[in-house]
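Subject: Structure handover and findings

Hello,

Here is the structure for you to open. My notes follow below it.

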Amino acid sequence: MAQQVSDFIVERMRQWGVTRIFGYPGDGINGVMGALDRAEGKLEYVQVRHEEIASLMACAHAKFTGEVGVCLATSGPGAIHLLNGLYDAKLDHQPVVALIGQKGRTSLGGHSQQEVDLMSLFKDVASEFIQMATEASQVRHLIDRAFRIAKDQRTVTCVILPSDVQELDYEEPKHAHGTVHSGIGYLPPRVLPRDEDLRKAAEVLNAGKKVAILIGAGAKDAAQEVTQIAEVLGAGVAKAYLGKASLSDELPFVTGAIGFFGTEASHQMMAHCDTLLMIGSSFPYAEFLPKEGQARGVQIDLDGRMLSIRYPMEVPLIGDSAETLRALIPLLERKEDRSWRQTIEQNLRNWWQELDELATHPANPVNPRLVFQKLSPRLPENAILAADSGSSSSWTAQYLKIREGMKFSVSGTLATMGCAVPYALAAKFAFPDRLALAFVGDGAMQMGSTEELLTIQKYYRQWTDPRLIVLVLNNRDLNFVTWEQRMNEGNPKFDASQVVPDFNYAAYAESIGLKGIRVESPDQIDAAWEAALQADRPVVIDAVTDPEIMPITPQVAAQSAENIAEAIAKGDTAAQQHLEEPLKSEVEKAKDK
């Protein structure tokens, strides 16, 4: 019996090392679905509730495993739904291949039902490689190039498969002019700067007396090297949010997050450094970096397009983070004066003390800071964490201390809502023996994640460790944007846009066979985490939190004191309920003007 094109595609993906595909069926992709069925489990298919979740899970799979993530969808609306997760992968430089069904070739151009110009629709998100199959013998090199380019460029690629092509008998390309004969396999290169450029970088770093290091996700495989270079230079290390798991927070010189969620220790280090070393990060907020001209700069990035666009770097180095640091370290001179390092470590101790105190402040009814503070020391060494966009990210960045062996990710550059649950789900399929946790605001939960609890319910029994914990911050508010309305615009909270429907997430979890825990007072937090961590199934913790606890640090928010005062003057008195110093004093001053 002849092999169909769809069967060849499934087998070729398996040869490329693919173990699972995330997707949702439809008539435009039914040929591939049939091939997956005939493959009898050689390639796992994970059915989600919505195609957007499939693409987010493919992105998360790539982030947590380093492998290519694969998602598929049918033509028309199914394909359109994939776009958000694919942009998440593109902007965070993750290798993802999208297989998309299309109407049969003879109907294209006939204004058929669900006919969409997919080449035009996906040409931006899959700009490095997008092609539509029109011949059976063409499919081999389309699949091969899609995977090779996704790996090499760390990006999204797309293959469009008309429904009739999927059902053709597969043919190998003929040995003739105009045919393409591709093969499988990709070996990543060793990428190192030139020796003379490494020496230039060492001269800058050796000359500095107050060196600050900023790392991102590109440093995730360079923890040992970053630690060593920080010790030699007497530097502190701040972490962009995507780089949270790149280095343990147990190290006394790791100042933690930077930016709107950042620690005061990170911000003080950047404000007073004379040298900046940036490693594997495209952190975009210039106001949290040294002022231009204050510090000399060295940057290491695998992608030359990302060099010297956040801060003007004196020595921009293209290279793998670990390889480049290993070559750079022998050129560096140990700084004997450790006063800069001592200042950084003291600032960090002060910051953790302040955070602990803020978590104990009363709220109505639960302080979200306290929920995260209570969890942090309970996290197992190999936990995998995912945070959503919004205030849940703020508390995750500030309170959860990453330890060696943990994994973490978030929709970094796109910052899409609704990412945490699919990220945690993807983690469970890739690492079924490890605990995964998703931290979600109620706005993000209502944006598709509540439905994905059904996906969790469908699959959890096949995981070695059945636990997947979803923490929902139930404050009936699109909280981060509410505070942005106040801080950025001086506007009061706009209830029509900001208040979300009240919903009992714990009760819903119970109704579908998961464990649900409702937290309505501070004294229930400890018991909730203990019960969740000891559960025999996935858990939803429904924490009823106070929306007026500002997710931005008081020090950062103080810069917006005049706008907050203006919002309060316009009638938003709730905004002043929990203002902390130094913000509180700055708001009072602004009121008196």
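Helices (H or I, at least four residues) and strands (E, at least two) are DSSP runs, numbered from the N terminus. With that in hand, P582 sits in the loop between α22 (561-569) and α23 (583-592). A cis peptide bond links E581 to P582, with omega about 5°.

This is a predicted model: local features need pLDDT of at least 70, side-chain atom pairs count only at pLDDT 80 or more, and totals for chains, interfaces and linings use all residues. Residues are numbered from 1 along each chain as its sequence is written, and side-chain values use heavy atoms, with hydrogens and water left out.

**Backbone points**

There is a cis peptide bond between N364 and P365 as well, with omega about -5°. P365 belongs to the loop between α12 (339-359) and α13 (368-375).

Two residues other than glycine have positive phi. E40 has phi near 55°, and so does R476. E40 is in the loop between α2 (30-38) and β2 (44-47). R476 is in the loop between β16 (468-474) and α17 (479-489).

Are these two residues buried or exposed? Buried means under 20% relative accessible area, exposed over 50%, and partly exposed in between (1.4 Å probe, protein chains only). E40 is exposed, at 72% relative accessible area. R476 is partly exposed, at 24%.

**Buried parts**

Helix α14 (residues 391-399) is largely enclosed by the rest of the structure, because nine of its nine residues are buried. Among them are W395, Q398 and Y399.

A222 is buried too, at 1% relative accessibility. Its place is the loop between β7 (211-215) and α9 (223-233). Setting aside neighbours within four places in sequence, A222 is in contact (heavy atoms within 4.5 Å) with S321, A322 and L325. A222 and R145 are 77 residues apart in sequence, and 29 Å apart in space, C-alpha to C-alpha.

**A helix pair**

Two packed helices are described by the angle between their axes and the distance between the axes. Axes are lines fitted to C-alpha atoms, for helices over the stretch in contact, and angles run from 0 to 180 degrees between N-to-C directions.

Helix α1 (residues 5-15) packs with helix α6 (residues 139-153) at about 30°, with axes 10 Å apart. That makes the two roughly parallel. Angles under 35 degrees count as roughly parallel, over 145 as roughly antiparallel, 65 to 115 as roughly perpendicular and the rest as oblique.

Which residues of α1 meet α6? They are V5, F8, I9, R12 and M13. Across from them in α6 are V139, R140, I143, D144 and F147. The residues of this contact divide into seven nonpolar, no polar and three charged. Here Ala, Val, Leu, Ile, Met, Phe, Trp, Tyr, Cys and Pro count as nonpolar, Asp, Glu, Lys and Arg as charged, and the others, Gly among them, as polar.

**A sheet**

Six strands form an open sheet in the order β14-β13-β15-β16-β18-β17, with parallel pairing. Two strands pair if DSSP finds at least two bridges between them. The edge strands, β14 (407-409) and β17 (515-519), each pair on one side only. Neighbouring strands are turned by 15° against each other on average, direction ignored.

Within this sheet, β13 (residues 384-387) and β15 (residues 436-441) pair in the parallel sense over four bridges. I384 stands opposite A436 in β15. Helix α3 (residues 51-65) lies across β13 and β14, running at about 140° to β14.

Best wishes
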